[in-house]
Amino acid sequence: MNYYKIPHTDLGTGRIGLGCMNLTPAYNETGTSASVRRRLCQLIETAIDAGVNLFDHADVYAAGAVEAVFGHAMHDLKGLRERMLIQSKCGIRIAEPEGWGRMGFFDFSHDHILHSVDASLQRLQVEYLDILLLHRPDPLMQPEEVARAFDTLHSAGKVRHFGVSNQNVGQMQLLQKHLDQPLVINQLEFSLFHSDLVSDGVEVNRQQAAYPNTSGLLDYCRLNNILVQAWSPLGQPASYSGNRDSNRNRAAEELLDSMARARNVNRRAVALAWILRHPAGIQPILGTTNPAHLLDNCAADAIDLSREEWTQLLVAARGLPMP
Ligand SMILES: NC(=O)c1ccc[n+]([C@@H]2O[C@H](COP(=O)([O-])OP(=O)(O)OC[C@H]3O[C@@H](n4cnc5c(N)ncnc54)[C@H](OP(=O)(O)O)[C@@H]3O)[C@@H](O)[C@H]2O)c1
């Protein structure tokens, strides 16, 4: 697996990372049984052996159960901690179980950030997070409060580096203005089937420019040395769940299949190679829970799509010719 250096840090990461959102129920809700722990350890070890050393979490995944299940495996794999980058997120609060019907909300307050990280560390059974991301923009954010929380976490050795997820250019600029630490990552939805980050640039100066949420975002991250991570890198909702009601996705899938056949890999590896081909150096965060699927997907690292192939895929997935 080829590596990226995470900007502003001394951390190296495989070009592909592993997201843990789907670990439960695949590895059950408690993770205490020996067989579940063994299976999860096998997934983690397969990932590390393949060069996938970054593991993406969030405090809200299965209301903390994902971090807890992973923590049981970490207990069994203590020797591997230094070979892993563990990233988690905070800032989304879900309604308490007894409060169904009440809304969840966003919370970037100083106290919540500190509380959330302490709980994540405890569940994950680790001493520190390599990276903490703010999960989704909090419209009530006070950047000074976030800065105070980051300072406390950093100086206590609980978090090494910080980033965001799902933020636009203005939100990142506002936050960065108040932080002593650089934002090193923005984790965004990006795939062949959700290509706004690059489509934004293709449509400049055209009437159908229609990507206000991502306008200039990829270039901002490149200019400021911020690693972009791609969540849902397979575009799961439209393309792989059996919902094939869209002609444009069918055309892209056929193209993926033919490029995959020519290379003797599966179509998902080609869809991931499409992300890796972008010179920004984007890191797909895989959502697989299956070691064999993980290895199939990692074949993407060795695929080098030509400019023409990359463009053909984008055109097919968007259902729009290039300008
Ligand atoms: N920041 C955010 O707001 C945000 C939002 C959503 C997700 N995320 C992160 O992004 C990660 C990935 O998201 P995602 O789960 O939507 O990703 P995804 O990789 O696009 O989709 C995962 C799904 O694809 C299936 N799959 C993957 N490879 C396969 C293969 N080779 N063959 C057959 N099926 C395959 C998986 O099933 P199997 O398990 O059976 O392989 C799973 O159902 C999450 O785990 C999370 O860490 C972040």
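In which sense, parallel or antiparallel, do strands β4 and β5 pair, and over how many bridges? Residues 54-56 of β4 and residues 85-90 of β5 are paired in the parallel sense, over three bridges. Within that pairing, Leu54 has Leu85 of β5 as its bridge partner. Please bear in mind throughout that this is a predicted model.

β4 and β5 belong to a closed barrel of eight strands, in the order β3-β4-β5-β8-β9-β10-β11-β12, with parallel pairing. On average, neighbouring strands of this sheet are turned by 30° against each other, direction ignored. As a reminder, strands of a sheet pair through backbone hydrogen bonds, either parallel or antiparallel.

The protein as a whole has 13 helices and twelve strands. Its radius of gyration is 20 Å, close to the 20 Å that the globule rule gives for 323 residues, so the protein is as compact as a globular protein of that length. The C-alpha trace spans about 50 × 45 × 45 Å along the principal axes. Of the 323 residues, 41% are buried.

Strand β8, residues 129-134, runs parallel to β9, and five bridges join the two. One of the residue pairs here is Leu133 with its bridge partner Gly163 in β9. Between these strands lies helix α5, residues 143-155, and the three elements make a right-handed β-α-β unit. From β9 the chain crosses through helix α6, residues 169-178, to β10, and this β-α-β crossover is also right-handed.

How much of strand β9 is buried? Six of the seven residues in β9, which covers residues 159-165, are buried, and the strand is thus mostly covered. Its pairing with β10, residues 183-189, is in the parallel sense and has three bridges. In this pairing Ser165 stands opposite Gln187 of β10.

The next step is from β10 to β11. These two strands run parallel and are joined by five bridges. Asn186 stands opposite Val228 in β11.

Why can β11 be called largely enclosed by the rest of the structure? Five of its five residues are buried, so the strand is largely enclosed. The burial applies to both faces: Leu227, Gln229 and Trp231 are buried on one side, and Val228 and Ala230 on the other. In general terms, the side chains of a regular strand alternate between the two faces of the sheet.

Strand β12 shows covered faces as well. Gln283 and Ile285 on one side, and Pro284 and Leu286 on the other, are all buried. With β11, residues 227-231, β12 pairs in the parallel sense over two bridges. Across this pairing, Ala230 stands opposite Pro284, and Gln229 stands opposite Gln283.

Which strand pairs with β12 through Gly17? The strand is β3, residues 17-19, whose parallel pairing with β12 has two bridges. The bridge partner of Gly17 in β12 is Ile285.

Gly281 is placed in the loop between α11, residues 267-276, and β12. Gly281 has 15 other C-beta atoms within 10 Å, and it is therefore partly exposed. To give a sense of distance, Gly281 and Phe108 are 173 residues apart in sequence and 28 Å apart in space, C-alpha to C-alpha.

Finally, I turn to the ligand. Which residues come nearest to it? Among the 25 residues around the ligand, these are Gly19, Met21, Leu234, Gly287 and Thr288. The elements that give two or more residues to this shell are β12, residues 283-286, and α12, residues 291-298. The largest share, three residues, comes from α12. By class, the shell has eight nonpolar, 14 polar and three charged residues.

Thank you for your attention.

Note on methods:
Residues numbered from 1 in each chain as written. Predicted model: local features only at pLDDT ≥ 70, side-chain atom pairs only at ≥ 80, totals over all residues. Near = placed C-beta within 6 Å. Helix = DSSP H or I, 4+ residues; strand = E, 2+ residues; numbered from the N terminus. Nonpolar A, V, L, I, M, F, W, Y, C, P; charged D, E, K, R; others polar. Pairing = 2+ DSSP bridges. Axes fitted to C-alpha atoms, helices over the stretch in contact; angles between N-to-C directions. Buried ≥ 20, exposed ≤ 12 C-beta atoms within 10 Å, placed from the backbone. Right-handed = clockwise from strand over helix to strand, strands pointing away. Rg over C-alpha atoms; globule rule 2.2 N^0.38 Å.
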